[in-house]
Amino acid sequence: MLVAILGDVHANQEALDQVLAAASDHGVSRILQMGDIVGYGPDPGYCIDRLRDLDATICLGNHDAAVIDKLELEHFNPFARQALVWTKQQLSQDHKDYLASLPYVQRLEDLDVTLVHGSLFQPENFDYVRSLSSARLCIELQRTRLCFVGHTHQPCLFILKNNRSFEYIPSFEQEGEFEVGGRQQVLVNVGSVGQPRDEDPRAAFVLYDTDAGRLSLHRVSYNLEAVQVRIRRAGLPSVLADRLSFGL
Ligand code: ZN
């Protein structure tokens, strides 16, 4: 089976549509998403509807949590906060009920996969996995072969072999495909669909070929100017539009 794994979408319709089209071209039969469907971007309702219609398996992100009052707005910078206040006004009760139904952690026994937005270490605190020590805290709580995270918007891999040696691969795009097998556990940051921050503005997603035991990172271009126009038109902070051009 081919599974597509999507990180932070951030209400970016164009990026989500392009990623889903690319995933469909590859013949994907299942979609996993690690939260932050909303926040920052101009299309929160559309992105929720699109993923819900595809029956994607999703866990709760910190921006999703904030719009349903599960996380205080004071945890966010002023630009993010302004976008969250706007997002709250845009979403219907039905959308909010859907976000409220999402768990912090999804364990998929059939795929031997765990999904969490930030870290398995106190998932409701949405810690960032961006150092060896924070990755170690997360991977030690991992009960499945694979754990997928988002939150930093920067793709990378951490590998724990034989419960001992620990390895970090900054971006597995250059490595091409990554073989999952043997006595190793892998913690995978899949990057971001709608707001990449690794200086590559293209939308990111990961494919997992469960039969071949292979992971691959993919990047797709999308019409980011169209999103930027709608961000500005909605009265959202223009920095949220500008950063999309640079992948920052
Ligand atoms: Zn995010």
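Phe 126 is found in the loop between β5 and α6, and this loop is a friendly place to begin a tour of what is a predicted model. Phe 126 has a positive phi of about 50° although it is not a glycine. At 6% relative accessibility, Phe 126 counts as buried. Gln 122 has its place in the loop between β5 (113–116) and α6 (132–139) as well. Gln 122 is not a glycine, yet its phi is positive, at about 45°. With 37% relative accessibility, Gln 122 counts as partly exposed.

Which residues of strand β4 make up its covered face, and which its uncovered one? In β4 (residues 105–108), Gln 106 and Leu 108 form the covered face, while Val 105 and Arg 107 form the uncovered one.

## The six-stranded sheet

Another part of the fold is an open sheet of six strands, in the order β3-β2-β1-β11-β12-β9, with mixed pairing. The edge strands are β3 (57–58) and β9 (177–179), each of which pairs on one side only. As background, strands of a sheet pair through backbone hydrogen bonds, either parallel or antiparallel. Strand β2 (residues 30–33) pairs with β3 in the parallel sense, over two bridges. Here Gln 33 stands opposite Ile 58 in β3.

## The zinc site

Now look for the metal. Which residues coordinate the zinc ion? The zinc ion is coordinated by Asp 8 (OD), His 10 (NE2), Asp 36 (OD) and His 153 (NE2), at 2.1 to 2.5 Å. Along the sequence, the donor residues are spaced D-x1-H-x25-D-x116-H.

Why is the arrangement around the zinc ion called irregular? The four donor atoms subtend angles of 83 to 170°, which makes the arrangement irregular. To count as tetrahedral, four donors would need all angles between 85 and 135 degrees.

## Salt bridges

How many salt bridges does a search of the whole structure find? The search finds 15 salt bridges.

| Salt bridge | N to O distance |
|---|---|
| Arg 50 and Asp 17 | 2.7 Å |
| Asp 49 and Arg 52 | 3.3 Å |
| Arg 202 and Asp 200 | 2.8 Å |

Take the pair of Arg 50 and Asp 17, which form a salt bridge. Arg 50 lies in helix α2 (residues 44–53) and Asp 17 in helix α1 (residues 13–26), so the pair ties together parts that are 33 residues apart in sequence. Arg 50 counts as partly exposed, at 28% relative accessibility.

Asp 49 and Arg 52 give a contrasting picture, being three residues apart in helix α2 and separated by about one helical turn. Asp 49 is partly exposed, with a relative accessible area of 29%, and Arg 52 is partly exposed too, with 26%.

The side chains of Arg 202 and Asp 200 meet in a salt bridge. Arg 202 counts as partly exposed at 30% relative accessibility, whereas Asp 200 counts as buried at 15%. Salt bridges that share partners join Asp 198, Asp 200, Arg 202 and Arg 219 into one network.

## Cysteines without partners

A disulfide is a covalent bond between the sulfur atoms of two cysteines. How many disulfides does a search of the whole structure find? The search finds zero disulfides.

Two cysteines show the reasoning. The sulfur of Cys 47 has its closest cysteine sulfur in Cys 59, at 16 Å, which is too far for a bond. Cys 47 counts as buried, at 0% relative accessibility. For Cys 156, the closest cysteine sulfur is in Cys 138, 11 Å away and again too far for a bond. Cys 156 is buried, with a relative accessible area of 7%. For comparison, a disulfide calls for a pair of cysteine sulfur atoms within 2.5 Å.

Conventions: Residues are numbered from 1 along each chain as its sequence is written. This is a predicted model: local features need pLDDT of at least 70, side-chain atom pairs count only at pLDDT 80 or more; totals for chains, interfaces and linings use all residues. Side-chain values use heavy atoms; hydrogens and water are left out. Donors are N, O and S atoms within 2.8 Å of the metal (3.2 Å for Na, K and Ca); water is not among the atoms, so sites may look incomplete. Four donors count as tetrahedral if all angles lie between 85 and 135 degrees; four count as square planar and six as octahedral if opposite donors are over 155 degrees apart and all others between 65 and 115; anything else is irregular. Buried means under 20% relative accessible area, exposed over 50%, partly exposed in between (1.4 Å probe, protein chains only). A salt bridge is a side-chain nitrogen of Lys or Arg within 4 Å of a carboxyl oxygen of Asp or Glu. Helices (H or I, at least four residues) and strands (E, at least two) are DSSP runs, numbered from the N terminus. Two strands pair if DSSP finds at least two bridges between them.
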